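Dear colleague,

I am handing over the structure below, and after it you will find an account of what was found. Please read the two side by side.

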Amino acid sequence: MSDQHTPAAVAYVRTETLPELPPPASEAGLVKWLRENLFSSIPNSILTILSLWAIYVILSGVIPWITNGIWDASNIRECRELLNGASGGCFAVIAERWPQLVFGIAYPQDAYWRPSLAFVLLLVAVAPVLFSNLPRMLLAVTLVYPFLAYWLLWGGSIFIPITAFGGAAIGYMVYTRLVAQSFAMGLLGGVVAALLAWWVFGFITDNTRGVLALEAVASRDMGGFMLNMILGTVCVSLSLPIGIVLALGRQSDMLIIKWICVVFIEFIRGVPLITLLFVASVVLAYFFPPGTTQDLILRVIIMITLFSSAYIAEVIRGGLAALPRGQYEAGDSLGLDYAQAMRLIILPQALKISIPGIVNVAVGLFKDTTLVSVISMFDLVGMIRGPILASTDWSGVYWELWGFAALLFFIVCYSISQYSQWLERKLATDHR
Amino acid sequence: MKKSVLLGALAVAGLAAGSAGAATLDDVKSNGVLKCGVTTGLVGFAAPNASGEWEGFDVAVCRAVAAAVLGDGNAVEFVPTTGKTRFTALSSGEIDLLARNTTWTFSRDVDLGFTFVGVNYYDGQGFMVRKDLGVASATELDGATVCIQTGTTTELNLADYFRSNNISYEPVPIETNAEAQQQYLAGACDVYTTDASGLAATRAAFEDADAHMLLPEIISKEPLGPLVRHGDDQWGDIVRWTLNALITAEELGVTSANIEQMAGGTDNPEINRLLGTEGELGAMLGLDAEWARRALAVSGNYGEIFAANIGEGTPIALARGLNAQWTQGGLIYSPPFR
Amino acid sequence: MSAISDETAPAFRLSMLINDTRYRSLTFQAIALLLLIIFMAYMVNNLISNLSAAGLNISYGFLDDPAGYDVNQRLIEYTSQSTHTRAAFVGILNTLLVAFLGCVTATVLGVIAGVLRLSGNWLTAKLMAVYVEAFRNVPVLIWILIFGTFVTLSGGPPRQFLGDDPERSMFLGAFAFTNRGLHMPSIVTGSSAVAVIMIFLVSIVAAFWWRYHVKQTLYNTGKLLPGWVFWPILIVPAILTQLVLGNPIGLEMPDTTANRFNIQGGLLIGKPLIALWLALSVYTGAFIAENVRAGIQAVSKGQTEAANALGLRPNRTMSLVVLPQALRVIIPPLISQYLNITKNSSLAIVVGYADITATLGGITLNQTGRAIECILLVMLFYLTISLLISAAMNVYNKSVSLKER
């Protein structure tokens, strides 16, 4: 075979491969990409031109506004003088009112490190929950975090969070002892033990008010973006267990319990959050025992928690419904009772597939915490609408402030939703 | 009726019902802080300053009451309230005292169940317009767009006034003074109407205050004063007489400057009774003898508070007018301390 | 219970209430019901004692009293002497109006953005992604406030259009955008307008009959009658009647000389409505875009490829093959977005729009101090709307659910 086609014998056969020619200019590199992606057809070209125009309009407005921005001025008049007619943002308002935008007007200035630290610790505490490949030791931080954050934000003696944690720990220990008998027994015993422990510890905390105390800050003094963060995290964490109970209740065979849950969920989901906040601000006070009052932030937390628990319940119900029937039957056939089957088989799976939905609810809820500004609380939006825009110095600085608020929310919500999408991809093991 | 019988039966099983506000004084004392409802921000009357401290004319009343009861003018928790939340906040006990330039009206006093303890500012509803509109009287406002703060009596007065003068207008309801100010400045409404004092305060905050004017018409009576819940007369008396002490002190010439000296005793028996060196007025209120002295020491008498917060020396520059002492031809008049 | 246990002692023991699963659920339900009743009774008891301590009561009598305030946008007759009930109806209609407008524009925006985001055009797809992410991740309240500020600041004061020698003249002599809103001509009907409308209705029927007739002729005889005659049949008679009767249906132009403050006459789409409408549609549009995208992606790729193989152009593939199948996935979340628009419209008060929350739940509440009653009524309204919408959704879901054989 080889000797017949020796180079000498067949002169016209090329012996070496030709070098690869570059593809035609229109089929390579940038040009090809442009042709395929932007100008593949006439409508497509029109779309491209329209998009370019839109981008130009937006950027030509925004870029000089940002680059000419003034970061150092004490009021809007000074800012306008410095700008001297050029179009530019007056970002000095953000520089000057930064602490107010983030912490509100009344939080003590020398204690700003406390919420900042609480925020950093929040990231550490949620990390092991969000990413399962992190060391499980970090979960200890998650457990301690609520108590620590309370102490950092509200101040007071360190014994209050310590004893609260101690009570919870004792309750948990009793629960683990008794849960072998039955779940209901364990739960009941745990709760009773925790309450007892708190009651006993109450004597300690009453007598150690000043020990290791941070300066106490009243709830009313919380404000700014910090208030949004507090409301968001507290309400989402509180509504998770309530949501699970509601979802189980709605799936239950027990008619009365099922209907209580259905009515509650549908009622809450049927009304706008703002009406629930009105309830918190003008109606709820009438429902507390006579002579007692709760401050507004607590009433708001109650209403927002109820609100989000109804939505979370629906998400979890979706997760429960998505589990194959065989899982329930498997639990039954192993002889597990209801509590065991739920705890060991159903809920771990159902919660896992509900996580993206829960994260979406959490993002929505976090955005909705801005509504508290309508009932005269000074959260980020409330700070801008109230004290800052009302002040003589900064009345009329709209875009900088709204842009800043939008940016803060965007950063938080976008990162969470990116996480949720990542998680969805990671969990989607069965589809492809 | 039937319902209440049923509920009454349930109540027996439930907890014993105390009655709210039975002893506000005790509550305030045990909390060590007076919870005082104010506006969310109206410069001169109640607004947080740059360092977050509340100051203003209404704030001074809160501080005086706190000083009289608790001995410390700073022992006040200021609760910002909107037109919507203020009455519920008071009737539900969230606040002990509402000093939020609230107009004393029949229905608020009788139907809503509050006690107005007096008047600290006699006001009336006015209109503010841009000068270049060339409007000289409110009757020329036919067809104008009017910004109003919703939830106030001004909203109702406005409707009545325009209807009785048979002129039309477009209302723009707005939640807070700050936003009304923005809308007005942006030209979204031709006229801004609220209490004349509020207008003056708002105008004072403008960059070009001279380009705006108040119209001569005052279309309503707006006696503004602090209020408390019905049914706790002792607490009502304390607030009422703290306010009266501020007024009487001005009438008698007791100021924050000379109060220490006068507290040593004077020839005027009414001053002595006021400052507690004679008689038992404090004990009758359930307070100590020096209550009024402390109230006056915080920010002075009525005249001093007025001058410091909204008087002619301030950017708001309100003349005393109706709010001068009765001896000066005004309406500010306190019953005698006897 | 004890009576029963005496009788059937061997069959039923009290301990069964806890240990026997047949009876245990009964125990749990009884306990739950009891707890609920105690809780409710406790709440109501607190309410009653709080109210009586404050000297208040619950009564709806105020609804028949004159409201005393004016509302800037009303779809029905309303003055400050009308009752609070009527003010509430003005608010309800305004809520429904902005919700309806918002649903329409949000759908249009969302479908466009969702389809474009999947288009082959890289730049447009990225631009739409930016739109969707930017609007989805910022609270709707901030968007409403931003749009409110935008409308207030971008339209100049109406004065520039006013007077005999205005600085600016209206667009086409009929449209003006000021910081009070958009002024445009309104339709006024004369006495004989009914005739024009009747004729028009008749011509609609006639035009559609013609279209049907063309189709039948085509199928039966193969002859192709002119289809475009549809349009003349539809329009011409009505226009003729309109001309013959001397223009009974006319336009009222905005009048710039009648008043020194505002443009009078014509139709004014108020600034609050524009701001709220825009904000709700653009915000919800971003969510709908995601739903549409998910719906389209849920249609299996084979469908598109099959359509391509049949030689359908991309547009027709989308409209004839992909979208109809995607609708099954898109519509349920779309309806819940409509519900969200309705609920989010309750933020109207921040831009001064007189919806139900602003009238009944706002001004009426403030003026009468009847907080509990007002809030309860407002909640009932929203609850009714959302139950109606979910009922509609259930009916739809039933009708499109795959009929399995």
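Between them, chain B and chain A bury about 2,400 Å², with 52% of that area on carbon and sulfur atoms; please keep in mind throughout that this is a predicted model. On the side of chain B, Glu94(B), Gln182(B) and Glu207(B) supply 21% of the area that chain B buries against chain A, which is more than any other three residues give. Counted by residues, the contact involves 28 residues of chain B and 27 residues of chain A.

As to specific interactions, the rule finds two salt bridges across the interface of chain B and chain A. One of them joins Arg299(A) to Glu94(B), where the closest N and O atoms are 2.7 Å apart, and Glu94(B) is also among the three residues named above for their share of the buried area.

The side of chain B that touches chain A draws two or more residues from each of β4 (76-80), α4 (86-91) and α7 (177-185) of chain B. By class, that side of chain B is made up of eight nonpolar, 13 polar and seven charged residues.

Turning to chain A itself, its domain assignment gives domain 1 (22-65), domain 2 (113-155), domain 3 (157-213) and domain 4 (220-432). The C-alpha centres of domain 3 of chain A and domain 4 of chain A lie 27 Å apart.

With kind regards

Conventions: Residues numbered from 1 in each chain as written. Chains lettered and ligands numbered in written order. Predicted model: local features only at pLDDT ≥ 70, side-chain atom pairs only at ≥ 80, totals over all residues. Heavy atoms only, no water. Contact = heavy atoms within 4.5 Å. Buried area = accessible area lost by both parts, 1.4 Å probe. Salt bridge = Lys/Arg side-chain N within 4 Å of Asp/Glu carboxyl O. Helix = DSSP H or I, 4+ residues; strand = E, 2+ residues; numbered from the N terminus. Nonpolar A, V, L, I, M, F, W, Y, C, P; charged D, E, K, R; others polar. Domains from an automatic or database assignment.
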